[in-house]
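Dear colleague,

I am passing on the structure below for your reference.

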Amino acid sequence: MTTSSKLLGQTLAARYRLDREVGRGGMATVFLDHDLKHDRPVALKAMREEIAITLGVDRFLQEIGIAARLQHPHILPLFDSGEVGGVLYYVMPYVEGETLRGRLTRERQLPVEEACAIARQIAGALACAHSQGVIHRDIKPENILLSAGVAVVADFGIAKAVTVATVDTSAGMAVGTPAYMSPEQASGEVVDGRSDEYALACLLFEMLTGGPPQGGFHGRRPPRCEDPGHHLGDLGGLHRPRQWRILRPRRKRVERRGAGHRGV
Ligand SMILES: Nc1ncnc2c1ncn2[C@@H]1O[C@H](COP(=O)(O)OP(=O)(O)OP(=O)(O)O)[C@@H](O)[C@H]1O
Ligand SMILES: [Mg+2]
């Protein structure tokens, strides 16, 4: 544990008892804590110190606050947020289960109906966020938490906060994950909800076939499974209209993507 994490633990000791580290990403470390006031387990995410320096505390907490107003059964809520000794943190429910990444690492592919059910839940979460003008910008298996068959989307607001910092300071911090990133996000254009839906199409493709799609899907119709150069895998076994609904939000041209994944 770093000195700053220790300070964080000590400063918040009256409110949270740190139990153990549960995971680490590129920007933060996540701890299982016990919320003493409400007697419940929580996940406390401590951002790397550079984040506070680059973003500024107020800007980060403002972006987190916007995302915190989202209320949806498939969006992980926010309990608390703040800054201690230059470390930004936020507190959310602890999800007993695993990430979709963990599940895919273990099983590689999921049954079609289960994969589509997860995608529909994520699509519902995205529709709620998009209707309030919030774009996730980093939909990927690591940010989907699974518990007893229910999927929740984590980290709403984080990628936006880091993007704001990048634009404001030219810090060049990487936001988004290449395998799931829409062409418009990759080229730094202004993005809307369809960029998240593009990422969800990549994620659903991965759940069904065992890997994210290679290269682009630019065609007017879903590629046939026997087409050379397309790695459709098990998607080829689905009816064409369903292939179409899965792949269409991944078209290169934003205006041709259609209506997301709620009907997959
Ligand atoms: N609310 C939570 N409940 C339980 N475990 C969590 C929770 N949030 C995160 N985790 C665990 O902590 C790990 C690290 O999460 P974190 O968001 O810091 O990184 P990431 O999403 O894997 O990558 P990135 O740095 O790109 O965001 C996750 O992979 C997950 O295993
Ligand atoms: Mg995450």
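How many bridges join strand 6 to strand 7? Two bridges join these strands, which run antiparallel, strand 7 covering residues 144-147. Strands here are DSSP runs of E with at least two residues, while helices are DSSP runs of H or I with at least four, and both are numbered from the N terminus. Two strands count as paired if DSSP finds at least two bridges between them.

Before I go further, please note that this is a predicted model, in which local features need pLDDT of at least 70 and side-chain atom pairs count only at pLDDT 80 or more, whereas totals for chains, interfaces and linings use all residues. Residues are numbered from 1 along each chain as its sequence is written, and chains are lettered from A and ligands numbered from 1 in the order in which they are written.

Glu98 has Leu146 of strand 7 as its bridge partner.

Axes are lines fitted to C-alpha atoms, for helices over the stretch in contact, and angles run from 0 to 180 degrees between N-to-C directions.

The helix pair

Helix 5 also meets helix 8 (residues 193-209): their axes come within 10 Å and cross at roughly 170 degrees. The two helices are therefore roughly antiparallel to each other, a label given to angles over 145 degrees, with under 35 counted as roughly parallel, 65 to 115 as roughly perpendicular and the rest as oblique. By class, this contact has eleven nonpolar, two polar and two charged residues. Ala, Val, Leu, Ile, Met, Phe, Trp, Tyr, Cys and Pro count as nonpolar, Asp, Glu, Lys and Arg as charged, and the others, Gly among them, as polar. On the helix 5 side the contact includes Ile118, Ile122 and Leu126, and on the helix 8 side it includes Leu200, Leu204 and Met207. Residues are in contact if their C-beta atoms, placed from the backbone, lie within 7 Å.

A second topic is the open sheet of five strands, which has the order 1-2-3-5-4 and antiparallel pairing. Its edge strands are strand 1 and strand 4, each of which pairs on one side only. From one strand to the next, the twist averages 25 degrees.

Leu18 has Asp33 in strand 2 as its bridge partner, and Asp33 in turn stands opposite Val42 in strand 3. Val42 has Pro93 of strand 5 as a bridge partner.

Strand 2 is joined to strand 3 by eight bridges. Their hairpin has four residues between the strands, and Asp39 in the turn has a positive phi of about 50 degrees. Strand 3 is joined to strand 5 by five bridges, with Ala43 opposite Met92.

Strand 4 (residues 80-84) and strand 5 (residues 87-93) pair over five bridges, and Asp80 has Val91 as its bridge partner. In their hairpin, which has two residues between the strands, Gly85 takes a positive phi near 50 degrees.

The ligand site

Which residues come nearest to ligand 1? Of the 20 residues around it, these are Gly23, Gly25, Val30, Ala43 and Glu142; a residue is near if its C-beta atom, placed from the backbone, lies within 6 Å. Strand 1 (16-24), strand 2 (28-35) and strand 3 (40-47) are the elements that give two or more residues to this shell. Strand 1 gives the most, with three residues. The shell divides into eleven nonpolar, five polar and four charged residues.

Domain 1 (3-93) and domain 2 (98-256) both give residues to the shell, so ligand 1 lies between them. The domain bounds come from an automatic or database domain assignment.

Conventions:
Contact = placed C-beta atoms within 7 Å.
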